[in-house]
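Subject: Structure handover and notes

Dear colleague,

I am passing on the structure below, together with the notes I made while going through it. Please keep it open beside the text as you read.

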Amino acid sequence: VQEWCADWYEEYYYFDSPPADPGGPVRGTLKVVRGGSFSSFATECRSAARKGHDPNSAAETIGFRVALTVG
């Protein structure tokens, strides 16, 4: 599945963003989803592929990653 990200989506944000580790827009209407899913083209199945999606709208191709810090 595509992965939900915490960042707000702005199509042209990275054209004028800081070059090192930009934090993303402060607000917006869409959240970033990264990667691809079973219904994506091969060129979209990479972590750098990003697009915006309404955070109040479910989709069968979008999920999230559960992470646990051990130690």
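Strands S1 and S2 pair in the antiparallel sense over three bridges, where two strands are said to pair if DSSP finds at least two bridges between them, and where strands (E, at least two residues) and helices (H or I, at least four) are DSSP runs numbered from the N terminus. Within this pairing, Trp-4 stands opposite Val-33 in S2. In general, strands of a sheet pair through backbone hydrogen bonds, either parallel or antiparallel.

Before going further, please note that this is a predicted model, in which local features need pLDDT of at least 70 and side-chain atom pairs count only at pLDDT 80 or more, while totals for chains, interfaces and linings use all residues. Residues are numbered from 1 along each chain as its sequence is written, and side-chain values use heavy atoms, with hydrogens and water left out.

Strand S1, which covers residues 2-8, is also joined to S4, by two bridges, and these two strands run parallel; here the partner of Glu-3 is Gly-63 in S4. Taken together, four strands form an open sheet in the order S3-S2-S1-S4, with mixed pairing. Strand S3 (50-53) and strand S4 (62-63) each have a single partner strand and stand at the edges, so one side of each is left without a neighbour in the sheet.

As for the chain as a whole, it has four strands and zero helices, and reading along the sequence gives the pattern β-β-β-β. The C-alpha atoms fill a box of roughly 40 × 35 × 25 Å, taken along the principal axes. Of the 71 residues in the chain, 23% are buried, where buried means under 20% relative accessible area, exposed means over 50%, and partly exposed lies in between (1.4 Å probe, protein chains only). Among contacts between residues at least 6 apart in sequence, 51% join residues at least 24 apart, a contact being heavy atoms within 4.5 Å.

Glu-44 and Gly-28 are 16 residues apart in sequence, and their C-alpha atoms are 23 Å apart in space.

The loop between S3 and S4 holds Asp-54, which counts as partly exposed at 34% relative accessibility. The side chain of Asp-54 reaches the backbone nitrogen of Asn-56 at 2.9 Å. Beyond residues up to four places away in sequence, Asp-54 touches Trp-4, Thr-29 and Leu-30. The C-alpha atoms of Asp-54 and Ser-40, which are 14 residues apart along the chain, are separated by 18 Å.

One backbone angle is also worth a look. Asp-21 has a positive phi of about 50 degrees although it is not a glycine, and, as a general rule, most residues other than glycine have a negative phi. Asp-21 is placed in the loop between S1 and S2 and counts as exposed, at 74% relative accessibility.

Finally, on charge, the chain has 7 positive and 9 negative side chains, and the centres of the two sets lie 3 Å apart. In this count Lys and Arg are positive and Asp and Glu negative, with His and the chain ends not counted, and each charge is placed at NZ of Lys, CZ of Arg, CG of Asp or CD of Glu.

Terms used. Polar contact = N/O pair within 3.5 Å; in protein donor to acceptor, adjacent residues only side chain to side chain.
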